Amino acid sequence: MEWKSQALEVLTKTLQEIPVLELVSTECATPARPQGWPQLLAKITCKDQPVLLAIRWCHTGEPRYVRQALAEMNLPGAQLSQLVGGLLPVLMAPYFTPRTRAVCAEAGVGCLDLQGNVLLSFGT
């Protein structure tokens, strides 16, 4: 459970630093999908448009584990610039290398690590 409180803290701090975003709420989620995600939810607004960040935690940010997590999430082929019904899937981990962040970008998934590296796109 420790990772959830740390992840929520970093998520909250990061989102509050982005001027076009307003953080509405964060919460731990009961995974609604058989793949075990989302584990955290963040309700935000981006330029007055509601967005739900559905977050999956990865215990390591190594590319092979991130690829495995992405495959298990079974996402449609949406790109980061195309939110699916106001939902943006996001991976979190202790650290993502630049290569791992590129893997997330190619998959159309946002990412945020506990070191403050972030990749989120809202179609702007």
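I took helices (H or I, at least four residues) and strands (E, at least two) as DSSP runs, numbered from the N terminus. On that basis I get 3 helices and 6 strands in the chain. Reading from the N terminus, I noted the order α-β-β-β-α-β-α-β-β.

Caveats for myself: this is a predicted model, where local features need pLDDT of at least 70, side-chain atom pairs need 80 or more, and totals for chains, interfaces and linings use all residues. Numbering starts from 1 along each chain as its sequence is written, and side-chain values use heavy atoms, with hydrogens and water left out.

Next I looked up burial (buried is under 20% relative accessible area, exposed over 50%, partly exposed in between; 1.4 Å probe, protein chains only). Of the 124 residues, 43% come out buried.

Then the charged pairs: how many salt bridges does the count come to? I used a side-chain nitrogen of Lys or Arg within 4 Å of a carboxyl oxygen of Asp or Glu, and the count is 3.

R56 and E72 pair up at 2.9 Å, N to O. R56 sits in strand 3 (residues 49-57) and E72 in helix 2 (residues 63-73), so this bridge ties together parts 16 residues apart in sequence. R56 is buried at 10% relative accessibility, while E72 is partly exposed at 32%.

R64 bridges to E62, with the closest N and O atoms 3.8 Å apart. I have R64 as exposed at 55% and E62 as partly exposed at 38%.

E106 meets R99 at 3.5 Å, N to O. Here E106 is exposed at 54%, and R99 is partly exposed at 41%.
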